[in-house]
Amino acid sequence: MTTDKYNKHVLEVATLAGITMLEANAECYRVENTVSRILQVSHQPITEVFANTTGLFITLDGPDLDEPITFIKRITRRDTNLRKIHIVNQISRDLTSGKIRIEDAYKQLQHIDGKNYSPKLISYSTLLLVLAFAILLGGQTTEILLSLVAAVLLLFSYRLKDFFQLNDFIFGTVATLIVATLIPLIIHLLGKNNSSFDIVVISVLMPLFPGTAFTNGFRDSFKGDYGAGVSKIVEALIIAISLGVGVALGLFIAKGILSWL
C-alpha cells in the first residue's frame with residue numbers, strides 16, 4: 001500500500017470511528033480525542049478534528065502528502081448507545097498501542113452493529129424499566145399493571161417511529177400522546193378511578209427522557225466546547241418539551257372523550 005493510500009485509509013478509519021460515536025450520542029470532546037488518537041497512526045504532523053452534534057470535519061496533512069486530505073461528514077441520526085462508544089474507544093486504544101493493525105480496526109468498526117443488543121432484548125428491557133420505575137414510585141398492583149400496558153403502547157410507538165421515520169420531537173409527542181390518551185380511558189373502563197395516573201405516566205416517560213444528551217451537553221460545555229454543549233442541551237430541552245406537549249394533548253383528548261361517556 002502506497003503512502004497516500006495508507007494515509008487515506010487511516011483517515012477513513014478515523015472518520016468511521018467518529019461517525020459511529022456521534023451517532024451513539026457521545027460527547028464531542030470524546031469524539032475528537034478518539035479520532036485524533038487514530039490519526040496519530042499515520043505519523044503525519046498535522047491532524048485537525050472538529051466534531052459537533054450534526055457534523056464531523058477531519059483534515060490530515062504532512063510532508064508525505066501531495067495535498068491535505070479532508071473528510072466532511074453529515075450526522076443525520078443519533079441514538080444513545082454507550083456500548084458502541086466503549087467499543088470504538090477500545091478499538092482506538094488497541095490500534096495506537098499496536099495490538100491490532102489498521103485493517104483490523106476497519107473491519108471491527110464495520111461490524112460494530114452486529115454486536116448490538118437484539119430488538120427483542122431491548123423491548124424486554126424497556127418493559128422491565130417501566131415496571132421498575134412504577135414499583136420505585138410506590139405504585140400498587142393496579143398502577144404496575146397499567147404501567148405494563150403503557151410500556152406496550154410505548155413499544156408500539158417505537159414501531160411507528162421506524163415506519164414513518166419520525167424525528168425526535170414528533171416521536172416524543174406521538175408516544176406520550178398515545179399513552180396519555182388511552183391510559184385514562186382504560187382506568188375509566190376498569191372502574192379504577194382511584195389509581196394514580198401520575199405514576200403510570202412518569203414511569204413510561206423515563207425511557208424517553210434525554211438524560212444522557214442533557215448530561216453530555218454540560219460535559220462538553222465544561223470542556224470549553226460551548227457550541228456543541230449548548231446544541232446538545234437545546235436538543236434535550238426540545239425532546240423534553242415534546243414529551244410535555246404529548247401528555248397535555250393526550251389528557252385533553254381523553255378528557256373530551258370521557259365527557260361524552
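This is a predicted model: local features need pLDDT of at least 70, side-chain atom pairs count only at pLDDT 80 or more; totals for chains, interfaces and linings use all residues.

Biologist: Which domains does the domain assignment of the chain give?

Modeller: Domain bounds come from an automatic or database domain assignment. Here the assignment gives domain 1 (3-111) and domain 2 (119-259). Their C-alpha centres are 34 Å apart. To the contact (heavy atoms within 4.5 Å), domain 1 contributes 11 residues and domain 2 contributes 11 residues.

Biologist: What is the area buried between domain 1 and domain 2?

Modeller: The size of an interface is often given as the accessible area lost when the parts come together. Buried area is the accessible area (1.4 Å probe) that two parts lose on being put together, summed over both. Between domain 1 and domain 2 the area is about 980 Å², and carbon and sulfur atoms give 43% of that area.

Biologist: How many salt bridges are counted between domain 1 and domain 2?

Modeller: A salt bridge is a side-chain nitrogen of Lys or Arg within 4 Å of a carboxyl oxygen of Asp or Glu. Between domain 1 and domain 2 the count is 2 salt bridges. By this rule the structure has a count of 7 salt bridges.

Biologist: Where in the chain do Glu235 and Arg78 lie?

Modeller: Helices (H or I, at least four residues) and strands (E, at least two) are DSSP runs, numbered from the N terminus. The side chains of Glu235 and Arg78 form a salt bridge at 3.1 Å, N to O. This pair links distant parts of the chain, with Glu235 in helix H10 (residues 226-260) and Arg78 in the loop between E3 and H3, 157 residues apart.

Biologist: Is Glu235 buried or exposed?

Modeller: Buried means under 20% relative accessible area, exposed over 50%, and partly exposed in between (1.4 Å probe, protein chains only). Glu235 is buried, with a relative accessible area of 12%, whereas Arg78 is partly exposed at 25%.

Biologist: Which parts of the chain does the salt bridge of Arg77 and Glu23 tie together?

Modeller: The side chains of Arg77 and Glu23 meet at 3.5 Å, N to O. Arg77 lies in the loop between strand E3 (69-74) and helix H3 (82-96) and Glu23 in helix H1, so the pair ties together parts that are 54 residues apart in sequence. Glu23 counts as buried, at 18% relative accessibility.

Biologist: With which residue does Glu27 form a salt bridge?

Modeller: Glu27 pairs with Arg219, and the closest N and O atoms are 2.7 Å apart. Glu27 is buried at 7% relative accessibility, and Arg219 is partly exposed at 34%. Salt bridges that share partners join Glu27, Arg30 and Arg219 into one network.

Biologist: How many aromatic pairs does the structure hold?

Modeller: Rings of Phe, Tyr and Trp (its six-membered ring) pair if their centres lie within 6.5 Å; planes under 30 degrees apart count as stacked, over 60 as edge-to-face and the rest as tilted. The structure holds 5 such pairs. In one of them, the rings of Phe163 and Phe164 have centres 4.9 Å apart and planes at 85 degrees, so the pair is edge-to-face. Phe163 is exposed at 64% relative accessible area, and Phe164 is exposed at 52%.

Biologist: In which helix do Phe214 and Phe218 lie?

Modeller: Both residues lie in helix H9 (residues 211-222), 4 residues apart, about one turn of the helix. Phe214, Phe218 and Phe222 form one aromatic cluster. Phe214 is partly exposed, at 30% relative accessible area, and Phe218 is partly exposed, at 33%.

Biologist: With which residues is Asn7 in contact, leaving aside its neighbours within four places in sequence?

Modeller: With those neighbours left aside, Asn7 is in contact with Ser42, Gln44, Leu60 and Leu65. Asn7 is in helix H1 (residues 3-23) and is buried, with a relative accessible area of 1%.

Definitions and conventions:
Residues are numbered from 1 along each chain as its sequence is written. Side-chain values use heavy atoms; hydrogens and water are left out.
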